[in-house]
Amino acid sequence: MLNELALLCLLFLVIAHSFLIRGCFKINQSIPNSTDTISHHFETVSTLLNELCDIIADLTGGKQSPVVQNPSIGGSIPEILSTLLMSRMNMGSEHGNTQSQEWQVQQNDSPPTLETENQLD
């Protein structure tokens, strides 16, 4: 009885394995279809965002606010970010203690006890 049950389980495994292999071969057909669908959704979203930007620009009168430039930072956002990140990289002397301290190395001359010898074995 146990042998028949093992045979039945192995038969189910072989059948499931064949379905898995067949599904893996069909995945090459389903991937291009799903990427086409995703790219269509991205195009739709980008079109909607462009229309929204146009509406907002029409509501504000089409005027763009001038960028206030700080001579120490820069004008555009990438320049501002790179300036802030570069100024943070040179902070070595501001943090930490600059005085060197000498520490004594404590010598442990006591022989190991029987308990510690047993733990190492």
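1. A helix here is a DSSP run of H or I covering at least four residues, with numbering from the N terminus. On that basis L2 sits in helix α1, which covers residues 2–59. Keep in mind that this is a predicted model.

2. On the overall fold: the protein chain has 3 helices and 0 strands. Going along the sequence, you get the pattern α-α-α.

3. For the protein chain as a whole, the mean pLDDT is 75, and 70% of the residues get to 70 or more.

4. The chain exposes about 12200 Å², and carbon and sulfur atoms account for 63% of that.

5. Now the greasy bit: L2, L5, L8, L11, F12, I15 and F19 make a nonpolar surface patch of about 730 Å². Why does L2 count as exposed? Its relative accessibility is 67%, and the exposed class is anything over 50%. So L2, a member of this patch, is on the exposed side of the cut-off because of that 67%.

6. Last, the cysteines. How many disulfides does the count come to? The tally is 0 disulfides, the rule being a pair of cysteine sulfur atoms within 2.5 Å. As for accessibility, C24 comes in at 48% and therefore counts as partly exposed. C53 is at 49%, so C53 counts as partly exposed too; buried would take a value under 20%.

Methods:
Residues are numbered from 1 along each chain as its sequence is written. This is a predicted model: local features need pLDDT of at least 70, side-chain atom pairs count only at pLDDT 80 or more; totals for chains, interfaces and linings use all residues. Side-chain values use heavy atoms; hydrogens and water are left out. Patches are made of residues with over 30% relative accessible area and no salt bridge: like charges are joined within 9 Å, nonpolar side chains (Val, Leu, Ile, Met, Phe, Trp, Tyr) within 5 Å. Accessible areas come from the Shrake-Rupley method with a 1.4 Å probe; for residues, only the protein chains shown count as cover. A salt bridge is a side-chain nitrogen of Lys or Arg within 4 Å of a carboxyl oxygen of Asp or Glu. Helices (H or I, at least four residues) and strands (E, at least two) are DSSP runs, numbered from the N terminus. Buried means under 20% relative accessible area, exposed over 50%, partly exposed in between (1.4 Å probe, protein chains only). pLDDT is the predictor's confidence in each residue, from 0 to 100.
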